[in-house]
Amino acid sequence: MHPARGASAKKVGVPSSRGPGAAGLRQPALTPAWAWAHGEDPSGILDRLNRGEVVIGDGGFLLALEKRGYVKVGLWTPEAVVDHPSAVRQLHTEFLRAGSDVMQTFTFSASEDSMGSKWEDVNAAACDLAREVASEGDALVAGGICQSSIYKHQKDETRIKKLFRQQLEVFVRKNVDFVIAEYFEHVEEAVWAVEVLKESGKPVAATLCIGPEGDMNGVAPGDCAVTLAAAGADIVGVNCRFGPGATLQTVQLMKEGLRAAGLAVHLMAQPLAFHTPDCGKGGFLDLPEYPFGLEPRVATRWDIQKYAREAYNLGVRYIGGCCGFEPYHIRAIAEELAPERGFLPPASEKHGSWGSGLGMHTKPWIRARARREYWENLLPASGRPFCPSLSKPDA
């Protein structure tokens, strides 16, 4: 039994009666606890994925906390874990309640090249916050690193690996459950990250922030996946930069490349919660709305249920989100995949399946919306009659 999770596992709750599609599902106190209550061992990320279970990641921290006033646009560094820990803790808690099985440390751009002398305190505090919340729901903790600020200008493998290794040493000291190398636009640097993370002996996930065209050096998604797997990554995939559609298209190309190479690793997807069909190779960074005007592009909870189903059908079993993903988006993943998982997240106690809660409304036209067909077929308006539906990327 894992000491950080098994001891606090909670029993499942009562059967749910939340409307269409919820019959027979149960609501546990929080997710992997359900496995403990049924005599299963959820102790490791690879144990769960190897059993074919769905692992739900968390959502985006940078944009969410910027909107709440805790992160400054620019380097997007996570000082908030030290300066405003209650804000970070609250967001972790909301993702956990919504169904997240993984609390990823808020350590994006928390390396020495971006944070100077503050890097170690920030990484340590982020690990403590993630573990504190994860233990409340028996979730896993993932230590995360991302691309360095110096690779584009100076491809110094030794120096960059030192930066990665510094963060890894904190993750090992804090005993995270696994590690993630995320948000890499060049597969070469991602490989360096994987090689360092493998030194920990912990499972390693690696995700690139690329679209179907491949990385910024023109390496195709399939080749990127093969390269990462060959470097030792146990889980490979895509995060950030692109919306669900382009992300899954890229993961499909990765899957095909891995199959052709005869390699078997787990697949992971953590896209934006924004619609980005007009993005170029650089993703949403090149859209004129980035970062302060993206709200009209936000995916609905129903869009995310569709994404979750498509990801599952593609064979992806680590399914989460990145920038723009709020707790209700994570809940949508958990609800869509509840038939496969056998239970609903705690936050679903306040959310009727496919709008079923509207059935009690006094207005008949609103009661008529309490059905899946209505929300699946809705074409939502933006309320902006003079705005285009698509933009032209600046680059």
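In what follows, Ala, Val, Leu, Ile, Met, Phe, Trp, Tyr, Cys and Pro count as nonpolar, Asp, Glu, Lys and Arg as charged, and the others, Gly among them, as polar. The structure described here is a predicted model.

By these classes, the lining of the second largest pocket divides into 17 nonpolar, 18 polar and 7 charged residues. This pocket has a volume of about 730 Å³ and is lined by 42 residues. Nearest its centre lie Leu 62, Phe 108, Ser 109, Cys 146 and Tyr 183. Strand E5 provides the largest share, 3 residues.

The largest pocket has a volume of about 1300 Å³. Its lining comprises 47 residues, and those closest to its centre are His 275, Pro 296, Arg 297, Val 298 and Asp 303. Here the elements that give two or more residues to the lining are helix H11 (244–261), helix H12 (301–314), helix H13 (327–336) and helix H16 (372–377). Of these, H12 gives the most, with 7 residues. Sorted by class, the lining of the largest pocket holds 22 nonpolar, 12 polar and 13 charged residues.

Rolling a probe the size of a water molecule over the atoms shows where empty space is left. In this model the count comes to 1 cavity of 30 Å³ or more. The largest cavity has a volume of about 40 Å³. Its lining is formed by Gly 60, Leu 63, Ala 64 and Lys 67, together with Gly 324, Phe 325 and Glu 326. These lining residues divide into 3 nonpolar, 2 polar and 2 charged.

The last feature is a pair of helices. Two packed helices are described by the angle between their axes and the distance between the axes. For helix H7 (residues 119–137) and helix H8 (residues 157–173), the axes come within 10 Å and cross at roughly 35°. The crossing of H7 with H8 is right-handed. On the side of H7, the contact is made by Trp 119, Glu 120, Asn 123, Ala 124 and Cys 127; on the side of H8, it is made by Gln 166, Gln 167, Val 170, Phe 171 and Arg 173. The residues in this contact between H7 and H8 divide into 5 nonpolar, 3 polar and 2 charged.

Notes: Residues numbered from 1 in each chain as written. Predicted model: local features only at pLDDT ≥ 70, side-chain atom pairs only at ≥ 80, totals over all residues. Heavy atoms only, no water. 1 Å grid on protein atoms, 1.4 Å probe; cavity = no way out; pocket = protein on both sides within 12 Å on 5 of 7 lines; lining within 4 Å. Points joined across faces, edges and corners; volume = space filled by probe spheres on them. Axes fitted to C-alpha atoms, helices over the stretch in contact; angles between N-to-C directions. Helix = DSSP H or I, 4+ residues; strand = E, 2+ residues; numbered from the N terminus. Left-handed = near helix turned anticlockwise from the far one by under 90°. Contact = heavy atoms within 4.5 Å.
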